[in-house]
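Okay, thanks for coming, everyone.

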Protein chains: 2
Amino acid sequence: MLRKNYIMAPGPTPVPIDILLAGAKETIHHRTPQFLEIIEKTLEEAKYLFQTSNRVYVFVSSGTGAMEAAVTNLVNPGEKAIVVVSGKFGERWKEICQAFGIDVVEIALEWGEAVTPEQIEKAMKENPDAKVIFTTHSETSTGTVMDLKAIAELTRNTDRVLVTDEVSGLLAEPLKMDEWGVDVVVSGSQKGIMMPPGLGFITLSKKAWALVEQNKCPKYYYDLRYYDKNYPDNPWTPAVNMIYMLNQSVKMLKEEGIENIWNRHRVLGEATRAAVKALGLELFSKRPGNVCTAVTVPAGVDGKKITKIMRDKYGVTIAGGQEHLANKIFRIAHLGYVSLFDSITAISALEFTLHELGYPVKFGEGVKAAMEIFHREGVAG
Amino acid sequence: MLRKNYIMAPGPTPVPIDILLAGAKETIHHRTPQFLEIIEKTLEEAKYLFQTSNRVYVFVSSGTGAMEAAVTNLVNPGEKAIVVVSGKFGERWKEICQAFGIDVVEIALEWGEAVTPEQIEKAMKENPDAKVIFTTHSETSTGTVMDLKAIAELTRNTDRVLVTDEVSGLLAEPLKMDEWGVDVVVSGSQKGIMMPPGLGFITLSKKAWALVEQNKCPKYYYDLRYYDKNYPDNPWTPAVNMIYMLNQSVKMLKEEGIENIWNRHRVLGEATRAAVKALGLELFSKRPGNVCTAVTVPAGVDGKKITKIMRDKYGVTIAGGQEHLANKIFRIAHLGYVSLFDSITAISALEFTLHELGYPVKFGEGVKAAMEIFHREGVAG
């Protein structure tokens, strides 16, 4: 049987042809009025994605680069920072902080748990000198979402700066940066933004900028003062063709509308969770989000084979577990340029795969549960 | 909900990106050794698709142009020709013959029926002076396939020339031109060949060529003697970039292998028929083929709305009925670059659509039946 490819992993995500083709245009020189006009307009429009009126800075980097920019522009070596660690991407905040000699106050959680406002409040009380709090809105490694809005409530009227990793969460989980009072948001291009990997983003509140201006952490490439001084131009050579793509992406995303995008991810998440449960499987996360659904590998099934068969036989790329969760969970994303039939495809491929591995499956049971959610949510049927 | 597009109509069919990109190359001049090398190799390889050692001629035309070429190169005005008419494309043979003053001996069938070898035999006996027989291997308008092999048995050791319209049938229905003794095959690019519309094809046996050489029907553009004299070059300006695409298409099709391609279409056809029946619907055709599944619109449902909702709401383009079958049937194709998850997508979209139109549907019933076929056939699960 002919095999087509479906990326149902939490990044990279499927890229619409119109975005790919937008990148397949002549590379013009970046120090020209022509390019400046494009990047200016694009970054202006990109504010919508973050629901902010703050400047959005773009890096030629992966999401991790944008995380490093947040750390090295906000905290000085030797200073304290509160870091929530409930998965691989919380660990990444910690690793970056430690690499720059920052004193990490860790809120260590079991993987799969979401930090609570109470835990943040307690850490803030115990560490009045920790000005910056690093969080992960969507912890992709466990398919978990935290209550960012409630946590921003705790910080917004204080001198604390709330940083959130939105590399996977942006557009998949509601975020109203200005309205909620989130201070710093970092993201990447290869997730909800529907682009190939290659761009990192950061946007900061005025409160956060005050820290940037005084910061003495050693840095160069990610020094935000350069980016601000040159804005909307880039201090170094920008990824010209990726800016073309971003321009197209923002156009398409605005056309769909942010509420519709959030709702789409919510419905796809609910349908996927319903399908997984209908197949008798267990969700791994204590607070599942709409980026990806993490599923516990059922007893007697080799987790490595699930992702391998899904990809090699059915062309459906999902993600396995990371670190100690390797072969213990698998993750089906519903992130970015994904629609209901992509989720139905992933679910039917999962049914075939599990059946092949000896797990009892009644064909169509998962799909049926997903279809019922789509119907109930009014998007189909 | 984000809407992606799925072409599940019997042509045009989905075009793989690699084929589209093969066309997105520099247009070179056609009277050059460089282009000649490409078209020569491409047409040589294209013989495989028809399972023939005869030359394959390519026209800048739709499939109808290739049909006209068959008629005007094989039959003289005033001569008799046997024409099987069991749907819109049989009617087209008749219309072309009549336009050129050919005396049509019509085997008129109900739409949805397939011609039998006995009917052909009878017409041959009654019309010993009708040398050419025009048939439609896959009658797309009714989703019907005829038994081409059995009919070729009747003509191969006679002086009769068997012509078959393979515009939709090629690659979806088994065809072994040389082995079966089929004389003339015409096709187009936008079906099993997985290209955009724009190219027509014809290939002829030696027996058929004898008629071509003596033919006096008025013609110019489609005069096959020009094509043969210039072969592999084109007598007129060839569609250069479409030849690039054909080159890529043939490469991909050979890689998949013709038996696999035939089997893929067979399995998709069986799965779609099983799904439709599981939803309590009736197949329209008396002898359903693997190009598209024609389904009778159930009582109380507006047929026009089925295709409209499928396309406008779910992005799934299927075909309605043609002529007197308008709004009485709809046709779900499984033709060309289509795989199992495309069929599952079409079936689930059909379930949603029918439910929306008040037809009783248990979500997932059709999908389940299709999945069980995929499992039984060993292609999934």
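So, α12(B) and α13(B) make a right-handed crossing. By handedness I mean this: left-handed if the near helix is turned anticlockwise from the far one by less than a right angle, right-handed if clockwise. Helices here are DSSP runs (H or I, at least four residues; strands are E, at least two), numbered from the N terminus. Quick caveat before I go on: this is a predicted model, where local features need pLDDT of at least 70, side-chain atom pairs count only at pLDDT 80 or more, and totals for chains, interfaces and linings use all residues. Residues are numbered from 1 along each chain as its sequence is written, and chains are lettered from A and ligands numbered from 1 in the order in which they are written.

Back to the pair. α12 of chain B is residues 303-312, and its axis comes within 9 Å of that of α13(B), crossing at roughly 125°. Axes are lines fitted to C-alpha atoms, for helices over the stretch in contact, with angles from 0 to 180 degrees between N-to-C directions. α12(B) and α13(B) are therefore oblique to each other; under 35 degrees counts as roughly parallel, over 145 as roughly antiparallel, 65 to 115 as roughly perpendicular, and the rest as oblique.

Who touches whom? On α12(B) it's Ile306(B), Ile309(B) and Met310(B), and on α13(B) it's Ala349(B), Leu350(B), Thr353(B) and Glu356(B). Contact means C-beta atoms, placed from the backbone, within 7 Å. Sorted by class, that's five nonpolar, one polar and one charged. For the classes, Ala, Val, Leu, Ile, Met, Phe, Trp, Tyr, Cys and Pro are nonpolar, Asp, Glu, Lys and Arg charged, and the others, Gly among them, polar.

Over in chain A, α12(A) and α13(A) pack at about 125° with axes 9 Å apart, and that crossing is right-handed too.

Now look at α11(A), residues 258-278. The axes of α11(A) and α13(A) come within 10 Å and cross at roughly 20°, so these two are roughly parallel. Again, the crossing is right-handed. From α11(A) you get Leu268(A), Ala271(A), Thr272(A) and Ala275(A), facing Leu340(A), Ser343(A) and Ile347(A) of α13(A). There are five nonpolar and two polar residues in there, and no charged ones.

How far does α11(A) reach? Just after α11(A), Gly280(A) takes a positive phi of about 80°.

Okay, the dimer contact. Chain B puts in 26 residues and chain A puts in 26 residues. On the chain B side, the elements giving two or more residues are α13 (340-356) and α14 (365-376). α13(B) gives the most, with nine residues. By class, that side of chain B has 11 nonpolar, seven polar and eight charged residues.

And how are the copies related? The same surface serves both copies, with 100% of chain B's contact residues recurring in chain A.

Terms used:
Contact = placed C-beta atoms within 7 Å.
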